[in-house]
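Biologist: Hi! I'm new to this one, could you walk me through it?
Modeller: Happy to, let's look at it together.

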Amino acid sequence: MSGARDGAPDCDVLIAGAGLVGLALAPALAELGLTVALADRAPVAAPPDPDGDADWDSRVYAIGPGSATFLRAVGAWQLLPPERIAAVERMRVAGDDGATLEFSAYDVGERALAWIVEERALRAALVPRVHAAGVAILAPRSFATLAWTPQAGTLHFDDGTAVTARLVVAADGLHSWVRSAAGMVATVRPYGQTAVVANFACEHAHHGRARQWFRGDGGILAWLPLPGRRISIVWSAPEALAGELRQLDPAALAARVADAGGHALGALQCITPAAAFPLAFMRLPSTIAHRLALAGDAAHGVHPLAGQGVNLGFGDAEALAAVLRERGPVADAGSASLLERYARRRVEPVRAMQAVTDGLWRLFGAAAPWARTARNLGMAAVDRLPLAKRLLAHSALR
Ligand SMILES: Cc1cc2nc3c(=O)[nH]c(=O)nc-3n(C[C@H](O)[C@H](O)[C@H](O)COP(=O)(O)OP(=O)(O)OC[C@H]3O[C@@H](n4cnc5c(N)ncnc54)[C@H](O)[C@@H]3O)c2cc1C
């Protein structure tokens with residue numbers, strides 16, 4: 001790709017960042033007949049198959065039914081091995097004073113509230129779709145500079161190559177280089193928590209039930225079902241506790257996690273090393289600029305307590321593809337009117353999800369005794385109101 005020399009676009013859309021969102025967006029756009037390039041500093045390659053039934057990725061995602069439908073349309077969902085996916089059929093949420101809320105897929109007329117899928121399985125399903133759709137892969141290449149003309153954006157790589165596109169999509173994650181290079185300033189607020197993730201074998205069957213505990217220390221512990229007698233955990237812990245958890249040997253970590261969950265599944269045995277992710281809230285005044293659209297974590301940062309970050313990102317990808325599909329006589333994929341349409345479609349669902357996740361984090365982080373009573377009474381009340389519960393569950397089903 002060398003159009004940068006004369007300023008003529010090499011392609012309609014350049015997607016900068018081949019995380020799950022960039023990987024899903026690329027085939028969705030290429031199938032509309034647009035020419036698409038995908039760039040990343042890491043190679044865009046399918047990960048190796050798991051080394052047998054004992055080998056599990058500690059990065060897993062709760063994929064909502066809406067995202068599953070989008071991934072099916074992209075041709076990736078059907079490539080996921082069924083034996084590596086677990087359906088979340090029920091979910092039990094516990095407050096720090098004994099109150100509980102129970103959600104069930106049956107109550108909202110769905111087969112599952114979400115599907116737990118390993119990151120590597122998602123990548124292994126998406127990468128072949130990117131290749132099959134004829135997307136130009138520019139990876140591994142590091143981003144160096146970004147320049148704009150009225151007609152296009154040009155991304156220069158540090159190996160001296162460049163690519164010019166009518167539309168640049170920043171899908172390069174929470175600390176987006178493209179976003180900064182375009183001069184867009186984000187409000188980033190660290191949550192003061194680090195998510196510790198790991199997988200465990202459990203003594204008792206989980207029966208497809210996810211569990212989540214809002215803890216008295218402001219932390220949130222989630223147990224997500226994996227196939228068989230296994231779970232994956234996300235423990236969003238205050239920094240000091242997260243540091244302590246990461247120092248524990250596997251047996252001590254398993255005992256600590258089992259204890260924190262009231263031994264709900266009997267004894268646990270750690271089957272993957274723990275990994276840690278610092279957590280931050282991130283919001284932008286706008287997710288578009290001249291010939292630029294942001295998608296995925298580059299556009300929004302949410303607390304993982306609702307397991308919605310990548311679901312929001314898939315929602316961005318689906319919305320951008322829909323806007324470009326419906327563009328009619330507007331041939332230019334980077335035109336301002338199309339970008340405004342994209343931004344308008346995403347503002348409400350993203351703001352709503354940020355309000356819910358941030359609100360829950362604040363409510364359960366408040367230490368005052370009245371706050372503790374109020375949140376637990378609130379949970380118990382919602383649990384007795386089928387309509388309110390259904391509304392809450394539906395809002396999380398994306
Ligand atoms: C502990 C934890 C649990 C989570 N669980 C869930 C869940 O259950 N469900 C859910 O929906 N979400 C979940 N999330 C959120 C989810 O992980 C993110 O929303 C999602 O990974 C964002 O994907 P992305 O493609 O936007 O960005 P990323 O995955 O960050 O990908 C960005 C890509 O851009 C590339 N890149 C970045 N900078 C550059 C550069 N300068 N040059 C070249 N390339 C670059 C990177 O190599 C990478 O490939 C969780 C998050 C955490 C921390």
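**Cores, helices and loops**

Modeller: The largest nonpolar core has 53 residues, and those with the most contacts inside it are Ile-15, Leu-29, Leu-38, Ile-63 and Leu-71. A nonpolar core here is a set of buried Ala, Val, Leu, Ile, Met, Phe, Trp, Tyr and Cys residues joined through side-chain atoms within 4.5 Å. Buried means under 20% relative accessible area, exposed over 50%, and partly exposed in between, with a 1.4 Å probe and protein chains only.

Biologist: Which helix gives the largest share of this core?
Modeller: Helix α1, residues 20-30, with nine residues. Helices (H or I, at least four residues) and strands (E, at least two) are DSSP runs, numbered from the N terminus.

Biologist: Before we go on, what sort of model is this?
Modeller: This is a predicted model, where local features need pLDDT of at least 70 and side-chain atom pairs count only at pLDDT 80 or more, while totals for chains, interfaces and linings use all residues. Residues are numbered from 1 along each chain as its sequence is written, and side-chain values use heavy atoms, with hydrogens and water left out.

Biologist: Okay, what does Leu-71 touch?
Modeller: Not counting residues up to four places away in sequence, Leu-71 touches Ala-24, Ile-63, Ala-76, Trp-77, Gln-78, Leu-122, Leu-126 and Phe-314. Contact means heavy atoms within 4.5 Å.

Biologist: Switching to helices: at what angle do α2 and α7 pack?
Modeller: Helix α2 (residues 65-74) packs against α7 at about 45°, and their axes are 9 Å apart. That makes α2 oblique to α7. Axes are lines fitted to C-alpha atoms, for helices over the stretch in contact, and angles run from 0 to 180 degrees between N-to-C directions. Under 35 degrees counts as roughly parallel, over 145 as roughly antiparallel, 65 to 115 as roughly perpendicular and the rest as oblique.

Biologist: Which residues make that contact?
Modeller: Ser-67, Phe-70 and Leu-71 of α2, with Asn-311, Phe-314, Ala-317 and Glu-318 of α7.

Biologist: How do α7 and α8 pack?
Modeller: Helix α7 (residues 309-325) and helix α8 (residues 336-365) pack at about 155°, with axes 9 Å apart. So α7 is roughly antiparallel to α8.

Biologist: Now the loops. Where is Asp-96, and is Asp-96 buried or exposed?
Modeller: Asp-96 lies in the loop between β5 (90-94) and β6 (100-104). Asp-96 counts as buried because its relative accessibility is 13%. Leaving aside neighbours within four places in sequence, Asp-96 is in contact with Phe-214, Arg-215, Gly-216, Phe-364, Arg-372, Arg-375 and Asn-376.

Biologist: Which residues have a positive phi?
Modeller: Among them are His-263, with a phi of about 55°, and Arg-291, with a phi near 60°. His-263 is in the loop between α6 (250-260) and β16 (268-270), and Arg-291 is in the loop between β18 (288-289) and β19 (292-294).

Biologist: How do their accessible areas look?
Modeller: His-263 is partly exposed, with a relative accessible area of 42%, whereas Arg-291 is buried at 8%.
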